[in-house]
Amino acid sequence: MENPGRRETAPYPTVREVLETSPLLFQKLFPGAEPSFISSDQKPLDPLPSPHLLRTGRVVSILGEDSASRRLIGRLAFESAVLLPSAFAEVEQEDEFMRPKQGVVEGVDGLPVAVPNVNCFLIPEKSNFPRVKLAPSSVPDDLWENPHKSEGVRYFCEIQNWSPTSTYPMGVLCGQIGNPQEIEPATQEILLSHGIYEKDFTDEMVKELPASEADFVIPNYEYLRRRDFRSHCVVSVDPSTAKDLDDALHVKKIAKDVYEVGVHIADVSFFVRPLTALDREAADRTTSTYLVQRVIPMLPPILSEHLCSLNPGVDRLAFSVVFKVDRNGNILEVWFGRSVIRSCARLSYEDATALLDTPYEELDSLSSRIPTQDPFTLENVKRSITYLDMLAQQMRKRRVDNGALLLDKIELQFDLTPKTPEDIQNSSLKGGNKSDQTPGWPRGYTVKQRGRAHYLIEEWMLATNQAVARRLFYEAIKRKHEEILKFNEDVKEVKQETEKTKFRSSLGTILRRHPAPKASKMEELVRITTAAAISMDTSSAGAMRASLDAHIAELREKNVPQPDIECLSTALSYLTYMRMQMALYFNVEDVVDRAVRKVRRSGQASSTDVSHESWEASLLRFSHHFGLNVPLYTHFTSPIRRYADLLVHRQLADLLGCGHWSCPKAPGTTTSRSPVCPPKRLTVQAAWCNRMRRETRRAQEESQQLFLAAWVKSNGSIQDKAVVLNFGGGKIQLLIPSCGLILTHQLQKFCPAASTWQMSTRCDPHETEQGSVRRSPLLTVKWRADGDSEQGDTVNLSVLSVCPVQLTCSSRGFYVKAELLSPKQAETSTGSSCTV
């Protein structure tokens, strides 16, 4: 009801209105700016005339819940509700779910006191998060009676909501974390910190799937409407431990110097319909998480390990890309379509390499190691692998010559084989660590070596992804051309044709771009490499690769020992890799619309006559993949473990007119067709895929570091070589090249045994290309003399210096520490080598 006595007041003027009516004030606030700035609409990336102005925006969509911030780790605290500074106590008393419970708290004299109203809180370990008020029903009854049982125990909770009438967020207690010095609790903490849930698939998610592999038979009509490749020699090449085989290949010579190469990818979209419960779960997970000790799959095992996995000797549904190429690996034609295949051999990378290296007359030595399915023999498989390798080598050479950036990153493979009782007894007799007897504790590790077989698969997967990206991009551009022509009333025929075909595709287009590194990062890289007397050209990916190769060649000419060259090569790759931006998925339709609007606003074309070249060029610049140095790229080859690939499968199938092909539903389920995902939701899903891919990658890296620290801990201490990557802020950044571990330490902790250490700046007598004197940071470390020598050791460390270090594991958790060894300590140390 309005207040009759209330006086109507004029609305306050906006800042724009004040500035428009006060030119002198505008010139005083924004000297040098044009007055037209006030009335013109500002574009998102236009510079503002004053640093005192801030851009405004609005929330257009919520991508999803931030799982990492909703789950917190901490300790429990029980406090009397009377003592809480809450202005909403009455409202909280009315909420049965959050009502305080009778319990025990610590009194003033330190003795337990029973009180009628007690609240339980989780105090997060991270100080930037608030305490969480826990639902009484989620806290075990024995803790209310004896809160001391929770002392020294780490718990985790999940925030449910934060009511505007509550001082604290409300959550439920999920469980205990356990001892952080054990591998499983530490792994659980990694997953929680990155918002990755390890949970089973519910009955609702799998109710439409066959219960077992034996319960599914490919319908006869699928054989009729798909291209049949079962008569071809199809082989798969994967890691020896892989269970989800999502790609296979075949090759045959069809003419002189012309080959047909088929890349067959598991047809996951046949089994996973859009917007079903399983699809929503896969969209939320977005990717499989590969930890050292296990895999958290994106799809249920019935799909990832059986029905979709391209196992040998069984018919499988696939989505195929068939290339016609010449002997130099140049692509002549490409065919896309759904197919049926039957793999005749499953090869590991080691098996494929052995086949390439073994002559035909000696293949019998591999027959027991590599079984094949009739009617194909090991000779057929070797011939296929040989052809594929020959073509892949040509493609790789051309890709490198085209300016692709190849950076080697170390991957570790841990030996988790349980120790036998004899091993444990021998370890105990030798004074071994008790952790040696713990199940799942690493016994050692090896560095994964990449060879010809890896490059073979890599090249054909890259070619397939690029071919699919080009096809999707062509269709998206074609649709946009038709849409633009619709603005011209004179082109009626084109408009009518567009009306007939505008429903040809409704699923949008997902591509993948790799932005160029930020200028500040490249300047930092140049500064670091210049300090190490390395000339680095960062103008393009190819130029960076050429600079790295030139420096390695220069070291070989100077007869630098090969182990040091390998250390420096790895360090340079890591220095470059650490300054790259992350590749991102994006929705092409949104980018196209923005590019067209930009061209129209810029005045280059009228609203009814847009230059195709202008907005297409803008789109190609945006979609460019810096690392591969190609204009168009996407992900198509791993739909079992990446949701983005599944989206691309659906989009390509929709363009080909076979998007409605799907697995028959189980008896008792509804038969209505699932609706497709609206194209505008693709932008949201692409952003979520980018986020979860980043978090998953970090979790996988931390899992590797966790097991590496566990192995170091079981050995006590390890001596190894380290390369200095950078100095700054009283800290030193190191790389352990043998295992790819990057460490950052305070200088005083890095040199604990040294008598003195000092940072200074060294001036190089050689000038840079700009004519200035090269300056680089220098760390001088000195040790006291012992009884055998009159003078102590002195070591000078600069960027890319190689130095001996001793690695140990922190007693508070799985954190590796590095300490600098003096030359004399390095010579007399009996520590183990870090290579196993």
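In which loop does Thr 286 lie? Thr 286 is placed between α10 (277-285) and β11 (289-290), where helices (H or I, at least four residues) and strands (E, at least two) are DSSP runs numbered from the N terminus. The model is predicted, so local features need pLDDT of at least 70 and side-chain atom pairs count only at pLDDT 80 or more, while totals for chains, interfaces and linings use all residues. Residues are numbered from 1 along each chain as its sequence is written, and side-chain values use heavy atoms, with hydrogens and water left out.

The protein chain as a whole comes first. It contains 25 helices and 27 strands. Of its 836 residues, 46% are buried; buried means under 20% relative accessible area, exposed means over 50%, and partly exposed covers the range in between (1.4 Å probe, protein chains only). The accessible surface is about 43700 Å², and carbon and sulfur atoms contribute 51% of it; these areas come from the Shrake-Rupley method with a 1.4 Å probe, and for residues only the protein chains shown count as cover. Among the contacts (heavy atoms within 4.5 Å) with a separation of 6 or more, 70% join residues 24 or more positions apart.

In α10, 7 of the 9 residues are buried, so that the helix is mostly covered. The buried residues are Ala 277, Leu 278, Asp 279, Glu 281, Ala 282, Ala 283 and Arg 285. They pack against α8 (203-206), β12 (295-296), α11 (301-307), α22 (643-656) and α23. Thr 286 follows α10 with a positive phi, near 65 degrees. Thr 286 counts as buried because its relative accessibility is 4%. Most residues other than glycine have a negative phi, and most peptide bonds are trans.

Ala 533 is another residue with a positive phi, about 65 degrees, although it is not a glycine. Ala 533 belongs to the loop between α17 (519-531) and α18 (541-557). With a relative accessible area of 45%, Ala 533 is partly exposed. A cis peptide bond runs from Asp 374 to Pro 375, with omega near 10 degrees. Pro 375 sits in the loop between α12 (349-357) and α13 (378-401).

Helix α12 also holds Asp 351. Asp 351 is buried because its relative accessible area is 10%. Leaving out residues up to four places away in sequence, Asp 351 touches Arg 346, Arg 369 and Ile 370.

The nonpolar interior is the next topic. In soluble globular proteins, nonpolar side chains tend to be buried together. A nonpolar core is a set of buried Ala, Val, Leu, Ile, Met, Phe, Trp, Tyr and Cys residues joined through side-chain atoms within 4.5 Å. The largest such core has 89 residues, of which Leu 303, Leu 347, Leu 355, Val 381, Ile 385 and Trp 460 touch the most other members. Helix α15 (residues 452-485) gives the most to this core, with 9 residues. A second, separate core has 74 residues, including Ile 183, Leu 405, Leu 706 and Ile 718.

Leu 303 has contacts with Leu 209, Phe 271, Val 272, Leu 278, Cys 308 and Ser 309, when neighbours within four places in sequence are set aside. One of these, Leu 278, is also among the buried residues of α10. Another, Cys 308, counts as buried because its relative accessibility is 2%.

What is the number of disulfides in the structure? The structure holds 0 disulfides, a disulfide being a pair of cysteine sulfur atoms within 2.5 Å. For Cys 174, the closest cysteine sulfur is in Cys 157, at 6.7 Å, which is too far for a bond. Cys 174 is partly exposed, with a relative accessible area of 34%.

Gly 716 follows α23 with a positive phi, near 85 degrees.

Finally, strand β7 (residues 227-228) contains Asp 228. Asp 228 counts as partly exposed because its relative accessibility is 35%. Its side chain makes a polar contact with the side chain of Arg 230 at 2.7 Å; a polar contact is a pair of N or O atoms within 3.5 Å, where within protein one must be able to donate a hydrogen and the other to accept it, and residues adjacent in sequence count only if both atoms are side-chain atoms. The C-alpha atoms of Asp 228 and Ala 318 are separated by 10.0 Å, although the two residues are 90 residues apart along the chain.
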